[in-house]
Amino acid sequence: MSSVLVVGLSHRSAPVTLLERTAVSGDRLDKLLHDVHQAANVDGVVVVSTCNRIEVYADVEKFHAGVSSISELLSRHSDVPLDELSKHLYVHYEERAVQHIFSVACGLDSMVVGEGQILGQLRTALKAAQANDTVDRALNELVQQALRVGKRARNETGIDRAGASLVSVGLGRAGSLEGRRALVVGAGSMSGLAVATLARGGIGEIVIANRTYERGAHLARSAEVPARAIELADLRQAMSEADIIVSCTGATGLVITPDMVDGPAFLLDLALPHDVDPAVRDLPGVTLVALDDLRDADDAPAAGDIEAVRRIVCEEVQAFQLGLVAATVAPTVVALRSKAAEVVDAELGRLGGRLPGLDDKAREEIAQTVRRVVDKLLHAPTVRVKELAASPGGDTYTEALRELFDLDPKAPEAVIRAEDVL
């Protein structure tokens with residue numbers, strides 16, 4: 001029987017420079033998914049790769065073998081030596097793994113507590129695993145439930161409103177935005193958030209530079225302040241006219257270098273890998289805020305909201321674990337009831353042979369009575385075994401049920417296979 005294992009690193013366990021080296025996307029993500037899925041004792045895998053974390057969620061048959069295989073593959077795909085990488089890896093297993101992904105979905109594990117982008121990132125991770133045919137039933141249900149838990153936390157608490165986004169926290173260090181000129185490099189979801197945040201702060205004008213002009217123009221039209229789009233080729237000129245520069249592209253190399261910065265400016269680099277060369281910090285009058293600088297942001301949700309979300313996570317973990325127990329016991333219960341039904345049918349058949357003169361009404365009444373008696377006799381032990389299965393060593397009660405009623409060991413497995421097909 002397999003169990004969920006998480007092996008990963010995040011802003012809590014590793015510096016941004018290491019996260020940059022281990023980040024995967026596109027073909028590299030597909031290759032990592034495939035290689036982990038092909039590893040021994042791995043039945044399914046989902047990889048969550050964001051600017052703040054890379055986590056491998058795997059359905060494994062053996063804990064130590066799973067940790068070893070996944071760690072080695074993360075090292076191989078990132079070209080980071082295993083002894084260097086392992087110092088920053090964390091591992092969660094079974095119930096702790098469930099608790100971790102639920103906490104992640106709720107934003108409790110984010111760099112800025114409460115940010116909502118993680119839900120979209122989890123959906124993207126699940127879709128990638130589905131497209132690569134690496135997600136099995138257990139992991140699919142886990143991630144889907146994590147998404148539901150994340151939505152519940154945001155619907156029932158104020159964590160989403162109270163938790164500032166990375167953009168809000170970063171721009172908060174730029175001082176007043178009133179009447180100033182901003183340049184946003186990129187036109188993705190984070191850039192859209194930057195435009196909205198700048199507009200709320202009273203920025204005077206926004207220029208959007210993007211590799212695809214049409215996407216930049218579309219984002220500019222959505223702004224609630226004067227905004228226009230430019231070609232990426234015009235970036236240098238636009239930087240010389242901007243007071244505040246926010247960059248978050250998907251580029252693999254540097255987008256902004258020291259020679260492009262002309263005069264005093266505030267730069268917010270939200271990209272991973274970095275868009276902005278850290279050397280710009282040495283320029284007079286220039287302030288650079290990057291992801292590492294936001295690690296210990298003080299802008300956090302109210303303590304009450306955090307505690308409320310933690311209670312939700314605990315409730316949901318318990319419910320999910322009970323569901324797993326019920327799913328584990330169910331095949332044995334189905335097999336038991338199936339065997340009981342076979343015995344009842346056989347005995348009713350024999351009764352019909354001994355008393356051929358029974359009319360149909362009497363025959364049906366006898367059949368219903370016998371089935372009710374059997375159902376009542378089986379009700380208590382089947383309910384009780386589900387309750388006991390949730391306790392430590394609970395699997396022994398299921399085994400005892402199989403032994404006491406002399407169930408064919410293949411019967412519960414047949415039920416499981418049938419459920420997997422469905």
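1. How many helices and strands does the chain have? The model, which is predicted, has 16 helices and 10 strands in its chain.

2. On the chain as a whole, 47% of the 422 residues count as buried, and the accessible surface comes to about 20,800 Å², with 52% of that area belonging to carbon and sulfur atoms. Among the contacts with a separation of 6 or more, 64% are accounted for by residues 24 or more positions apart.

3. The structure holds 2 aromatic pairs. One of them joins F102 and F320, whose ring centres are 5.8 Å apart and whose planes stand at 80 degrees, so the pair is edge-to-face, given that angles over 60 degrees count as such. Because F102 lies in helix 5 (residues 95-105) and F320 in helix 13 (residues 303-354), the pair ties together parts that are 218 residues apart in sequence. F102 counts as buried at 0% relative accessibility, and F320 is also buried, with a relative accessible area of 14%.

4. An open sheet is formed by 4 strands in the order 2-3-1-4, with antiparallel pairing. Strand 2 (42-49) and strand 4 (90-93) stand at the edges and have a single partner strand each, so one side of each is left without a neighbour in the sheet. On average, and with direction ignored, neighbouring strands of this sheet are turned by 15 degrees against each other.

5. Within that order, strand 1 (residues 3-10) and strand 3 (residues 53-60) run antiparallel and are joined by 8 bridges; L5, for instance, has A58 in strand 3 as its bridge partner.

Conventions
Residues are numbered from 1 along each chain as its sequence is written. This is a predicted model: local features need pLDDT of at least 70, side-chain atom pairs count only at pLDDT 80 or more; totals for chains, interfaces and linings use all residues. Side-chain values use heavy atoms; hydrogens and water are left out. Helices (H or I, at least four residues) and strands (E, at least two) are DSSP runs, numbered from the N terminus. Buried means under 20% relative accessible area, exposed over 50%, partly exposed in between (1.4 Å probe, protein chains only). Contact means heavy atoms within 4.5 Å. Accessible areas come from the Shrake-Rupley method with a 1.4 Å probe; for residues, only the protein chains shown count as cover. Rings of Phe, Tyr and Trp (its six-membered ring) pair if their centres lie within 6.5 Å; planes under 30 degrees apart count as stacked, over 60 as edge-to-face and the rest as tilted. Two strands pair if DSSP finds at least two bridges between them. Axes are lines fitted to C-alpha atoms, for helices over the stretch in contact, and angles run from 0 to 180 degrees between N-to-C directions.
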